[in-house]
Amino acid sequence: MIKNLEKSTVIKLKDQVPYLAGQVVSKTLAQNDSLSLTVFSFDKGEEISTHQSGGDAMVTVLEGTGRFTIDGVKEGETIVMPAKHPHAVYGEERFKMLLTVVF
């Protein structure tokens with residue numbers, strides 16, 4: 001079930017999380033045993049350190065530019081990080097992303 005979004009209303013995902021100085025901000029849109037869907041914003045220089053996911057993680061950059069240990073990804077681009085493969089995320093500039101994890 002999708003949560004934290006108004007239903008039957010057109011939205012822009014990048015508008016769902018604000019930029020906050022010196023922080024990574026997240027908003028969970030769905031979470032269950034099969035799927036996790038979260039929108040993130042990263043202030044410039046902020047990061048999520050190296051970690052692994054139990055499922056395949058697909059990221060779509062909604063705004064700005066981030067650096068991933070797998071590869072660089074820019075606005076409008078998508079990357080899939082395989083389950084149990086170490087990866088990290090770094091805000092080269094302020095950026096927002098949609099993270100979908102399928103377990």
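**View 1. Largest nonpolar core of the predicted model****.** The largest nonpolar core of this predicted model holds 14 residues. Val-59, Phe-68, Phe-95, Met-97 and Leu-99 are the members that touch the most other members. Two or more residues each come from strand 2 (35-42), strand 4 (56-63), strand 7 (78-81) and strand 9 (95-102). Strand 9 contributes the most, with 4 residues.

**View 2. Surroundings of Phe-68****.** Leaving aside residues up to four places away in sequence, Phe-68 touches Val-59, Val-61, Val-73 and Met-81, and also Ala-88, Val-89, Phe-95 and Met-97. Phe-68 has a relative accessibility of 4%, under the 20% limit, and therefore counts as buried.

**View 3. The second core****.** A separate nonpolar core is made of 9 residues. Among them are Val-17, Leu-29, Ala-30 and Val-39.

**View 4. Stacked rings of Phe-42 and Phe-95****.** The whole structure contains 3 aromatic pairs. In the pair of Phe-42 and Phe-95, the ring centres are 4.7 Å apart. The planes of these two rings meet at 15°, which is under 30 degrees, so the pair is classed as stacked. Phe-42 belongs to strand 2 and Phe-95 to strand 9, so that the pair links distant parts of the chain, 53 residues apart. Phe-42 is buried because its relative accessible area is 0%. Phe-95 is buried as well, with a relative accessibility of 0%.

**View 5. Edge-to-face rings of Phe-68 and Phe-95****.** Phe-95 also forms an aromatic pair with Phe-68. Here the distance is 6.3 Å centre to centre, with 75° between the planes, and the arrangement is edge-to-face. This pair, too, links distant parts of the chain: Phe-68 lies in strand 5 (residues 65-68) and Phe-95 in strand 9, 27 residues apart.

**View 6. The phenylalanine cluster****.** Phe-40, Phe-42, Phe-68 and Phe-95 are linked into a cluster by ring pairs.

**View 7. Lys-96 over the ring of Tyr-19****.** Lys-96 is placed over the face of Tyr-19. The distance from the ring centre is 4.6 Å.

Key:
Residues are numbered from 1 along each chain as its sequence is written. This is a predicted model: local features need pLDDT of at least 70, side-chain atom pairs count only at pLDDT 80 or more; totals for chains, interfaces and linings use all residues. Side-chain values use heavy atoms; hydrogens and water are left out. A nonpolar core is a set of buried Ala, Val, Leu, Ile, Met, Phe, Trp, Tyr and Cys residues joined through side-chain atoms within 4.5 Å. Buried means under 20% relative accessible area, exposed over 50%, partly exposed in between (1.4 Å probe, protein chains only). Contact means heavy atoms within 4.5 Å. Rings of Phe, Tyr and Trp (its six-membered ring) pair if their centres lie within 6.5 Å; planes under 30 degrees apart count as stacked, over 60 as edge-to-face and the rest as tilted. A charge sits over a ring if NZ of Lys or CZ of Arg is within 6 Å of the ring centre and within 35 degrees of the ring normal.
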